[in-house]
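Here is a short report on charged side-chain pairs.

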Amino acid sequence: MPICGGGTDGVARSTAGERRAALRAHPVRAFHGARERVVVLAESERMTAALKAVGAVDVTLTIDPEAEHDSWSKPYADPALYAWMLAQRCHPAAAGSRAP
C-alpha cells in the first residue's frame with residue numbers, strides 16, 4: 001500500500017515469468033496528495049500505470065486534492081481500508097511459490 005510513493009517503473013515493465021505473475025496477482029491501493037511537495041504526484045501515477053501495463057487488474061490510485069505530504073491520515077482513519085487489507089489473501093503466484 002504505497003503512500004506518497006515512487007520507484008523504478010522499469011522493474012515492473014521488465015519483470016517476467018513468476019515475478020510478473022506475482023505483480024499481476026497483487027492488489028495495490030496507492031495514495032498521494034495533490035499538493036505533495038516531497039514526492040511528486042507523477043511518481044505514484046507512473047508506478048500504478050506500470051503495474052497496470054504488466055497486467056495488474058486490482059490497482060487503485062487515490063489522489064487527495066487537499067493533502068500535501070501527509071496523505072496517509074485519511075486512508076488510515078477509514079475502517080474500510082482495514083477491512084480491505086484484512087480481506088486480502090496470499091495466492092501462490094503472489095508469494096512466488098511454484099505449484100506442485
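Arg-46 is partly exposed, at a relative accessible area of 28%. Here buried means under 20% relative accessible area, exposed over 50%, and partly exposed in between (1.4 Å probe, protein chains only). Glu-43 is also partly exposed, at 23% relative accessibility. The two side chains form a salt bridge, 3.3 Å from N to O. A salt bridge is a side-chain nitrogen of Lys or Arg within 4 Å of a carboxyl oxygen of Asp or Glu. Glu-43 and Arg-46 sit three residues apart in helix H3, so about one helical turn separates them. Helices (H or I, at least four residues) and strands (E, at least two) are DSSP runs, numbered from the N terminus.

This is a predicted model: local features need pLDDT of at least 70, side-chain atom pairs count only at pLDDT 80 or more, and totals for chains, interfaces and linings use all residues. Residues are numbered from 1 along each chain as its sequence is written, and side-chain values use heavy atoms, without hydrogens and water.

The structure holds five salt bridges. Three of them are tabulated, including the pair above.

| Pair | N to O distance |
|---|---|
| Arg-29 and Asp-58 | 2.8 Å |
| Glu-43 and Arg-46 | 3.3 Å |
| Asp-64 and Lys-74 | 3.1 Å |

Asp-64 pairs with Lys-74. Asp-64 lies in strand S2 and Lys-74 in helix H4 (residues 73–76), so the bridge ties together parts 10 residues apart in sequence. Asp-64 is buried at 14%. Lys-74 is exposed at 54%.

Arg-29 bridges to Asp-58. This pair links distant parts of the chain, 29 residues apart: Arg-29 is in strand S1 (residues 28–33), Asp-58 in the loop between helix H3 (41–53) and strand S2 (59–64). Arg-29 is buried at 17% relative accessibility, while Asp-58 is partly exposed at 30%.
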